[in-house]
Amino acid sequence: MKSMMNRKRADRLFRGGLFGAAFLIPAVLLGMLLSLGIIFFDEFSEIGFQYFFSSDWDPVNERYGIIVFVVGTFLTMFLALGFSIPFSLAISIFTGEIMYGTKIATLISQLLSIISAIPSVVMGLCGLFVLTPIMQDIQLALGYPPYGTGFLSASMVLAIMILPFSAFLGREVISLVPKDLKEAAYGLGATRLEVIRYVILPYAKSGIISGFMISMSRAIGETIAVTMLIGNSNYFPQNIFGTTNTMASVMANEFSEAGSDVYFSAIVGIGFSLIIISALFSLTARKIIKNFY
Amino acid sequence: MKEQGLGRPRDIRSLAGYGNIARRQFKNRLFTGLCLFLSILVVIPLATILVVVIKKGGLNVLSAGFFTEITPVPNAAFGTGGIANSLVGTMLLCVLGSLLAVPLGIAAGLYMAFSKRKKFCDSLYFFCNTLQSVPAIVTGIFVYTVLVKPFGSFSLFSAAIAFALVMFPIIALATAEIVKLCPLAIIEASYALGASFYKTIVKVVLPYSAAGIVNGFIVALARSAGEGAFLLFTAFGNPFISYSLWQPTSALPLTIFQFAISPYENWQEIAWGASFVLMALVLLVNIVSKLIYRKKF
């Protein structure tokens with residue numbers, strides 16, 4: 001009888017421990033929002049509402065506006081997404097349907113997982129070494145100042161880095177399309193392209209889109225590789241090769257220079273905005289994937 | 001008749017064999033070829049990166065003392081100095097970060113998978129996904145504001161916390177996913193034998209899902225160890241080997257970042273060598289996880 005009591009107590013303790021660990025998840029998230037929010041809004045009277053509307057980031061004259069970085073972030077993100085979409089779709093279809101379960105599909109998946117494992121700082125370094133000289137040549141040939149770095153270079157490297165996330169999820173959902181649907185279409189005399197176009201893609205649409213959402217949120221948060229490649233200037237890009245800054249890269253760059261409290265708060269505010277953006281992204285992704293399952 | 005489900009009527013007609021069959025088959029072959037071509041193209045960036053890192057970094061590693069000496073001063077002679085301080089820092093971070101994140105992550109994952117409060121668990125999933133997609137640099141700033149600033153110094157301790165925070169949601173999600181695959185039959189069999197919830201988890205569920213959990217842990221470890229963003233605000237870097245929990249420390253991604261963007265050529269050489277080492281470590285860990293996973297499933 002006593003051992004029974006002990007076991008019940010141990011069980012309760014165990015369940016409590018699990019709950020405590022799980023509770024850490026919202027607690028940490030809330031802690032992040034609060035600690036960054038407090039520092040940000042502490043100096044908000046100094047920073048002012050122009051923070052969200054101005055493109056003028058000039059710490060020397062105490063003027064803080066993050067529009068340049070927001071634009072830079074979304075520009076690199078959408079460009080990187082654009083570069084990676086054809087490849088991601090092709091790989092998802094190839095490994096999830098055309099060659100599903102074969103050796104070559106496994107090989108491609110494994111290559112992708114190696115890409116996803118490459119540290120971002122190594123990506124950035126290779127980008128600097130390989131991509132920048134090529135870009136410089138192109139810029140010289142086209143008559144632009146040959147910086148080599150810029151949002152185009154950053155987007156290209158970013159495209160490689162975010163590719164595995166959407167490709168993996170795409171492969172998963174495409175391989176989950178019910179066999180009878182596909183076979184019904186084949187039975188009607190459809191070619192494989194038609195089955196993919198009219199049966200598989202409509203069925204797997206939401207899963208594929210949420211794969212791209214994951215890629216996008218990775219692209220927004222990517223810091224080190226982008227910082228190395230984007231050129232770090234606090235202006236809108238002047239042309240297609242132009243240098244600019246993203247929200248994450250400006251934090252990495254200017255954090256150590258933040259002498260005054262206001263400057264520091266302005267940088268923390270960028271981090272605060274990034275949390276909000278990631279929350280919005282994962283909320284949207286959740287809405288989309290809910291339709292799928 | 002109202003059309004059901006997929007596509008518009010035009011689509012259905014084309015499925016039913018209308019149109020030029022030769023053209024449709026040609027389009028199909030073209031599409032298959034395009035998919036194959038685009039998929040194969042992935043090899044190019046990967047091969048480029050591997051070749052460049054091995055070519056630029058592989059030689060440095062061979063130099064005497066690369067693993068035993070600390071990072072050199074700027075403009076020192078080529079081949080002098082090494083990455084011992086960063087290597088020690090990264091190892092310490094991996095150990096401390098894992099010690100914190102693994103038990104907590106597995107426990108949180110178990111709760112998400114087994115709790116009966118479905119609504120609450122649903123929002124836990126959402127929070128976990130959000131936490132996972134919070135950029136590492138923001139995690140770094142968060143740890144800076146709550147641990148570095150109050151304590152007055154960058155430290156290995158704060159870096160380990162940030163390291164664990166990056167790993168935690170990844171492990172939790174991986175555990176939750178993998179534990180759900182455990183067949184209900186063996187869980188119920190365990191209950192039927194009179195085992196408690198605790199015993200069932202420890203003796204039945206965890207052994208069953210061990211390979212998957214280890215795989216999730218290794219993915220998280222590789223992600224966290226390769227990430228340099230949060231180290232800027234927590235570890236800060238240290239030119240000497242430091243084992244102290246309360247001193248700033250160096251780490252591989254941090255050294256690579258700082259040395260690669262420096263104007264000193266000997267530092268850039270060190271950055272390539274360190275890239276080689278970091279990449280080799282991360283790939284090794286990944287391959288090991290694949291082997292473990294394959295053995296089980």
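Into which domains is chain B divided? In this predicted model, chain B comprises domain 1, spanning 9-59, and domain 2, spanning 62-296. The legends below describe close-up views of both chains.

**Figure 1. The two domains of chain B and the contact between them.** Domain 1 of chain B covers 9-59, and domain 2 of chain B covers 62-296. Taken over C-alpha atoms, the centres of domain 1 and domain 2 of chain B are separated by 35 Å. Six residues of domain 1 of chain B are in contact with six residues of domain 2 of chain B. On the side of domain 1 of chain B that touches domain 2 of chain B, three residues are nonpolar, two are polar and one is charged.

**Figure 2. The contact between chain A and chain B.** Chain A contributes 73 residues to this contact, and chain B contributes 75 residues. Elements of chain A that give two or more residues to the side touching chain B include α1 (2-42), α3 (67-98), α5 (120-142), α8 (192-221) and α11 (261-292). The element that gives the most to this side of chain A is α1(A), with 19 residues. By class, the side of chain A that touches chain B has 55 nonpolar, 12 polar and six charged residues.

**Figure 3. The crossing of helices α4 and α6 in chain A.** Helix α4 of chain A consists of residues 103-117, and helix α6 of chain A consists of residues 151-175. Their axes come within 8 Å and cross at roughly 130°, which makes α4(A) oblique to α6(A). The crossing in which α4(A) passes α6(A) is left-handed. From α4(A), the contact is made by A:Leu112, A:Ser113, A:Ile115 and A:Ser116, and from α6(A) by A:Ile160, A:Leu163, A:Pro164, A:Ala167 and A:Phe168. The residues of this contact divide into seven nonpolar, two polar and no charged.

**Figure 4. The surroundings of B:Trp272.** B:Trp272 belongs to helix α12 of chain B, which consists of residues 265-296. This residue counts as buried because it has 26 C-beta neighbours inside 10 Å. Residues up to four places away in sequence not being counted, B:Trp272 touches B:Lys56, B:Gly57 and B:Asn60. B:Ser250 is 22 residues from B:Trp272 along the chain, and the C-alpha atoms of this pair are separated by 16 Å.

**Figure 5. Positive phi at A:Glu62 and B:Phe236.** Most residues other than glycine have a negative phi. A:Glu62, although not a glycine, has a positive phi of about 60°. The position of A:Glu62 is in the loop between α2 (44-47) and α3 of chain A. A:Glu62 has 13 C-beta neighbours inside 10 Å and therefore counts as partly exposed. B:Phe236 is likewise not a glycine and has a positive phi of about 70°. B:Phe236 is placed in the loop between α10 (231-234) and α11 (252-260) of chain B. With 22 C-beta neighbours inside 10 Å, B:Phe236 counts as buried.

**Figure 6. Helix α8 of chain B and B:Gly194.** Helix α8 of chain B has nine residues, 184-192. The number of buried residues among them is zero, so α8(B) lies largely in the open. Just after α8(B), B:Gly194 takes a positive phi of about 95°.

Terms used. Residues are numbered from 1 along each chain as its sequence is written. Chains are lettered from A and ligands numbered from 1 in the order in which they are written. This is a predicted model: local features need pLDDT of at least 70, side-chain atom pairs count only at pLDDT 80 or more; totals for chains, interfaces and linings use all residues. Domain bounds come from an automatic or database domain assignment. Two residues are in contact if their C-beta atoms, placed from the backbone, lie within 7 Å. Ala, Val, Leu, Ile, Met, Phe, Trp, Tyr, Cys and Pro count as nonpolar, Asp, Glu, Lys and Arg as charged, and the others, Gly among them, as polar. Axes are lines fitted to C-alpha atoms, for helices over the stretch in contact, and angles run from 0 to 180 degrees between N-to-C directions. Helices (H or I, at least four residues) and strands (E, at least two) are DSSP runs, numbered from the N terminus. Angles under 35 degrees count as roughly parallel, over 145 as roughly antiparallel, 65 to 115 as roughly perpendicular and the rest as oblique. A crossing is left-handed if the near helix is turned anticlockwise from the far one by less than a right angle, and right-handed if clockwise. A residue is buried if 20 or more other C-beta atoms lie within 10 Å of its own, exposed if 12 or fewer, and partly exposed in between; C-beta atoms are placed from the backbone.
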